[in-house]
Amino acid sequence: MAMLEVRNLEVYYGVIQALKGISFDVEQGEIVALIGANGAGKTTTLHTITGLLSAKAGTISYQGTDITRVPGYKLVKMGIAHVPEGRRVFSNLTVLQNLKMGAYTRSDKGEIEETLKLVYRRFPRLEERKNQPAGTLSGGEQQMLAMGRALMSHPKMIVMDEPSMGLSPIYVNEIFDIIQSINKDGTTVLLVEQNAKKALSIADKAYVLETGTIALSGDAKELMNNDRVKKAYLSE
């Protein structure tokens, strides 16, 4: 049994079908990448998994439990954290207040403080800027804050939507290094990313979405050498 099992998932926006019966698995401990062009259905997939959108048909199972209709706040308690596209930090709150928002489902103050120390060790810049309003951080620092906030819920699986979007090349490399480090520490990662080359370079397996369907899937390194993938997503 996979950690996450998506089966025959269909999602509509009004009369437009965004997902056309997709199925895929995420095994515990893996990094799984969803790649594809704009409008392929990548973000829709994540939003449906994390309870922000409702499925018209199909099922989503997490650790053997059907979560197809479970609201997002309950999923956080179950161990799924979401790093949304565009970071979505609370601009007027401080870095520390943003991080503590990530722990809202937890009640043990001692454990929360321990997690905060771990987040600061992983993201030293967040500790340096803990009293600054989040809106004053650079784009890369805001992305780190969004990731740190998700880690504050102590997730078993973290779902990331376009973590490198709008970042400088230096920050892109740093963010991908951090994703690998989070995974090595035992957190499963489901990653949606426009930068297909970087995503495939760190993923265990990948799925290529095209207009709401899975066009290709397999070992991420093998997909990097697939002529169709190279032509569509990896050409400079």
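1. A residue counts as buried when its relative accessible area is under 20%. In this predicted model, buried residues make up 49% of the 236 residues in the protein.

2. The secondary structure consists of ten helices and ten strands. The radius of gyration is 17 Å, close to the 18 Å that the globule rule gives for 236 residues, so the protein is as compact as a globular protein of that length. Along the principal axes, the C-alpha atoms fill a box of roughly 45 × 40 × 35 Å.

3. Contacts can be sorted by how far apart the two residues are in sequence. Of the contacts between residues at least 6 apart, 66% join residues at least 24 apart.

4. Strands of a sheet pair through backbone hydrogen bonds, either parallel or antiparallel. Here, four strands form an open sheet in the order S2-S1-S4-S5, with antiparallel pairing. Strand S2 (16-26) and strand S5 (65-66) stand at the edges and have a single partner strand each, so one side of each is left without a neighbour in the sheet.

5. Which strand does S1 pair with over five bridges? Strand S1, residues 4-13, pairs with strand S4, residues 57-62, in the antiparallel sense. Within this pairing, Glu 10 stands opposite Ala 57 in S4.

Note on methods. Residues numbered from 1 in each chain as written. Predicted model: local features only at pLDDT ≥ 70, side-chain atom pairs only at ≥ 80, totals over all residues. Heavy atoms only, no water. Helix = DSSP H or I, 4+ residues; strand = E, 2+ residues; numbered from the N terminus. Rg over C-alpha atoms; globule rule 2.2 N^0.38 Å. Buried < 20%, exposed > 50% of the residue type's maximum accessible area, 1.4 Å probe, protein only. Contact = heavy atoms within 4.5 Å. Pairing = 2+ DSSP bridges.
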